[in-house]
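Hello,

Here is the structure I promised to pass on. Please open it alongside this note. My findings follow below.

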Amino acid sequence: MPKNEMSASSYTGPIPDPDILTAKEFWEGTQNQQLVLPKCLSCKEFFFYPRIICPKKGCHKTDIAWEVASGKGYLYTFAIQYVAIDGWKEKLPFVTAFIDTDEKVRMLSVLKNVDPTQPQSIKIGSRVEVKFEYVNDDISIPYWELVNDK
């Protein structure tokens, strides 16, 4: 949904303070509903979390560019959260997950539109795609949903 069509969010979780030194491009991407990831220009590998040096073994170069990622991946693992603080309390129970993106980056996130009371219905290895929850004009929060492969 274009930014000008977005309305006030029902988002109640913590609102990040975007780190303009290492993650500005990531948060700008979320405003445009794009998953933008850092990529090392030396070893050609994507990585996450954003930082100024490539974390890949044997590389550690500082030639970093940002690229729009596919926004697709696989569910690596998940957990049902029954205890939370702040605004997350209102969402209990909810599902957190590690996602392996198609760019070979593992991300911790929330898996939405699944039933946390039926964990047997959530299958490790399932295809997922990123979505974005509008919070305000500066922040949209990425989360993941299962994809129905047919």
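Two strands count as paired if DSSP finds at least two bridges between them. Keep in mind that this is a predicted model.

Start with the barrel. Five strands close into it, in the order β3-β4-β5-β7-β6. Their pairing is mixed. From one strand to the next, the twist averages 50°.

Now take one pair. β4 and β5 run antiparallel, and six bridges join them. Isoleucine 99 stands opposite methionine 107 in β5.

Then look at the helix. α1 lies across β5, β6 and β7. Its angle to β7 is about 70°.

Next, the inside. The largest nonpolar core has 25 residues. Leu35, Leu37, Leu75, Met107, Leu111 and Trp144 touch the most other members. At least two residues of this core come from each of α1 (24-31), β3 (72-81), β4 (94-101), β5 (106-112), β6 (127-134) and β7 (140-146).

Leucine 37 is worth a click. Setting aside neighbours within four places in sequence, leucine 37 is in contact with Phe46, Phe47, Phe48, Ala65, Trp66, Glu67, Ala69, Glu103, Val105 and Met107.

Last, a loop residue. Isoleucine 85 is found between β3 and β4. Is isoleucine 85 buried or exposed? Its relative accessible area is 61%. Exposed means over 50%, so isoleucine 85 is exposed. Glutamate 45 is 40 residues away from isoleucine 85 along the chain, and their C-alpha atoms are separated by 35 Å.

Best wishes

Technical notes:
Residues numbered from 1 in each chain as written. Predicted model: local features only at pLDDT ≥ 70, side-chain atom pairs only at ≥ 80, totals over all residues. Heavy atoms only, no water. Core = buried A, V, L, I, M, F, W, Y, C linked by side-chain atoms within 4.5 Å. Buried < 20%, exposed > 50% of the residue type's maximum accessible area, 1.4 Å probe, protein only. Helix = DSSP H or I, 4+ residues; strand = E, 2+ residues; numbered from the N terminus. Contact = heavy atoms within 4.5 Å. Axes fitted to C-alpha atoms, helices over the stretch in contact; angles between N-to-C directions.
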